[in-house]
Amino acid sequence: MRIDLGGSFRLPGTSVTLNRMGYGAMQLAGPGVWGPPRDVDVAIAVLREAVAAGVNHIDTSDFYGPHVTNQIIKRSLHPYPDDLVIVTKVGARRGQDKSWLHALSRQELIDAVHDNLRNLGLDKLDVVNLRVGEAMGPSEGSIEEPLTVLAELKRQGLIRHVGLSNVSRGQLAEAERITEIVCVQNLYNVAHRNDDDFIDDLARRGIAYVPFFPLGGFSPLQSSKLEAAATSLQATPMQVALAWLLQRSPNILLIPGTRSVEHLRENLKAATLQPPPEIIALLDAIAIGAGQ
Ligand SMILES: NC(=O)c1ccc[n+]([C@@H]2O[C@H](COP(=O)([O-])OP(=O)(O)OC[C@H]3O[C@@H](n4cnc5c(N)ncnc54)[C@H](OP(=O)(O)O)[C@@H]3O)[C@@H](O)[C@H]2O)c1
């Protein structure tokens, strides 16, 4: 059954309109984002339920699993509904020891785009994020070389739109001289607010901001203020964390991850919460540095 997913947002310069509540598929791969998952049928059920509820934005990468997350997406949802937008990312690979390594050379990026196409069963990727920086945030430096490769693949027709992940404002400015950027995906949630000014700037310019780890990632957020807000709204702390993000800025699109159908349902329902100003003020104070 389709529900309100927080309204929608159109990616700049495109006809792509995404419902603001999407789904992040990273953790479907399995423990440690290394396949296979404990129960592939549950993973399939989560994806099918998300799409049935109206989610039209799934975030993934071929280095989740590796390959496993994309293969499960294809198995669950292919042939894809016309309005489903699968956003993937390139720029990293997994070591044999499950480490996360950069993969930003020309050949690695070309191979990654072809791996995504093959494992997702697509002729063209809707949106590809170039992931640079470190695991938890950007590191300064030029991104011209790898981005030029993606711009070339876009001209060749393998990619529709390009986004960036783990970038600074300076890197976005450099990127926009190379190709149009439709979205930025950085670490941000009610507790981690380094990108506050960046988000406002992107909102003014109509560029989507897609926070990764919206619920805190591998260690979900814990805060007495989140719990107090949840009690007062008759909701759960995770729902409140998502509702806070939705009200934070209209260009924020959510991709919470979960391996559970129950948590998926709970997360999607967060789009219907309307926290009043006093609750927002309480939640604003969760920001690290503002005291718990
Ligand atoms: N660009 C990048 O560098 C980058 C980095 C990391 C992630 N990402 C993207 O961001 C997406 C989101 O990240 P994420 O999934 O790692 O982090 P997240 O959405 O912040 O949190 C996921 C964690 O929260 C738990 N959870 C979800 N819903 C819950 C609920 N209702 N109640 C209690 N616990 C709940 C999940 O456990 P259960 O499975 O048990 O529900 C999981 O442990 C990923 O899927 C990925 O696509 C991108």
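R94 lies over the face of W100, 3.7 Å from the ring centre, where a charge is said to sit over a ring if NZ of Lys or CZ of Arg is within 6 Å of the ring centre and within 35 degrees of the ring normal. This is a predicted model, in which local features need pLDDT of at least 70 and side-chain atom pairs count only at pLDDT 80 or more, while totals for chains, interfaces and linings use all residues. Residues are numbered from 1 along each chain as its sequence is written, and side-chain values use heavy atoms, with hydrogens and water left out.

**Aromatic rings**

- The structure holds 7 aromatic pairs, a pair being rings of Phe, Tyr and Trp (its six-membered ring) with centres within 6.5 Å, called stacked when the planes are under 30 degrees apart, edge-to-face when over 60 and tilted for the rest.
- F63 and Y64 form an edge-to-face pair, at 5.3 Å centre to centre and with 80° between the planes, and both of these residues are buried (under 20% relative accessible area, with exposed meaning over 50% and partly exposed in between, for a 1.4 Å probe and protein chains only).
- F212 and F213 have ring centres 5.1 Å apart and planes at 75°, so this pair is also edge-to-face.
- F63, Y64 and W100 form one aromatic cluster.

**Backbone**

- F213, which is not a glycine, has a positive phi of about 60° and is found in the loop between β11 (208-209) and α7 (224-233), where helices (H or I, at least four residues) and strands (E, at least two) are DSSP runs numbered from the N terminus.
- V33 has a phi near 55°, a positive value in a residue other than glycine, and V33 lies in the loop between β3 and α1.
- The peptide bond from G35 to P36 is cis, with omega near 0°, and P36 is placed in the loop between β3 (23-24) and α1 (40-52).
- The peptide bond from G65 to P66 is cis as well, with omega near -25°, and P66 is placed in the loop between β4 (57-59) and α2 (68-77).

**A buried serine**

- S249 is placed in the loop between α8 (237-248) and α9 (261-269), and S249 is buried, with a relative accessible area of 4%.
- Leaving aside neighbours within four places in sequence, S249 is in contact with R20, I199 and A203, contact meaning heavy atoms within 4.5 Å.
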